Amino acid sequence: LMDFYNENEYMWKQLPKHRLEYWRERGYDAAKWNNESDDQHDSLEGKGDPRLPVVRTVALKKLLKLNLDYYATLDKTMVRLREGQSTTDTEHPVSPDYVSLATFVNDIIREQHSTDYYIQAEDSDPDQLDLHRTVGDIVCKEIHQALKQDEIVGPAAGLFGPFHKEVFSWSLWIGAKGTLTPMHFDTDLFNFLYLVEGRKRVVLVPNNGFDVDNFPLVKVYSGSAWTGMDILSVPIEQLNIEGAMEIFLEAGQGLCIPQRWWHAVENLEDTVAYGFRVVE
């Protein structure tokens, strides 16, 4: 019924027009809305991390083995597909139907070379218990070990002591050449994207505070916000956005994405990547 299921985390001026009309009909104005939601929208309001994105080359031997060839053998692990060409958000599967990881890799990527779909699996997905026990443990432990003494962990440094799995979250992305993730930001205290196979292009824009004129929010979720803007099809020098940058990731490299920085991602080759996060 409503895409903005956690919209009370947001300021009145950040709501799209149709939601403003919805709440006005129910007696709300800016003052009433903001007074009620002050304690809820703090986590998504304000400026992004002032630090710059950082690339690290890290040889994570166990993780590097979890590549396309590995997933091509998992014919009993079932997943749902996400839209590979979305211009708004990729938070929801495109269908309730499941396919096996083996089918996705062998048929959809390697045979069809389809850019229509990609796979996103996260530790918050209750139907991914097999991946939690196998892939998730390796992702969290290997990246934690590699980065626990690294300055890039920044504000999350205090959480990088002895390993406690409940502190960290992980995610998996598998997509064919040409699939993409549109412009959004995440609120995680620490966000590290590690590429196991393929190449990625990442366009990043610093979040200097909410600018509703330049970056209107069209989809809002717990922990992420999406603009619906296309910053991937335009050459970086033509974006005319202060501080915008373009980073190309190779296999064996990871990108630290500062908290609340806008970013969009394009797969330049068939790719397997993992996310490692400390949730604020």
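A: Helices (H or I, at least four residues) and strands (E, at least two) are DSSP runs, numbered from the N terminus. Just after α5, His-113 takes a positive phi of about 50°. The model is predicted, so local features need pLDDT of at least 70 and side-chain atom pairs pLDDT 80 or more, while totals for chains, interfaces and linings use all residues. Residues are numbered from 1 along each chain as its sequence is written, and side-chain values use heavy atoms, without hydrogens and water.

Q: Which residues of α5 are buried?
A: Buried means under 20% relative accessible area, exposed over 50%, and partly exposed in between (1.4 Å probe, protein chains only). In α5 the buried residues are Leu-101, Ala-102, Phe-104, Val-105, Ile-108 and Ile-109.

Q: Is Val-153 buried or exposed?
A: Val-153 lies in the loop between α6 and β6. Its relative accessible area is 2%, so Val-153 is buried.

Q: Which residues touch the most other members of the largest nonpolar core?
A: A nonpolar core is a set of buried Ala, Val, Leu, Ile, Met, Phe, Trp, Tyr and Cys residues joined through side-chain atoms within 4.5 Å. The largest one has 42 residues, of which Tyr-71, Ile-174, Phe-190 and Tyr-274 touch the most other members. The elements that each supply at least two residues include α4 (68–71), α5 (101–111) and β15 (271–278). The largest share, 6 residues, comes from α6.
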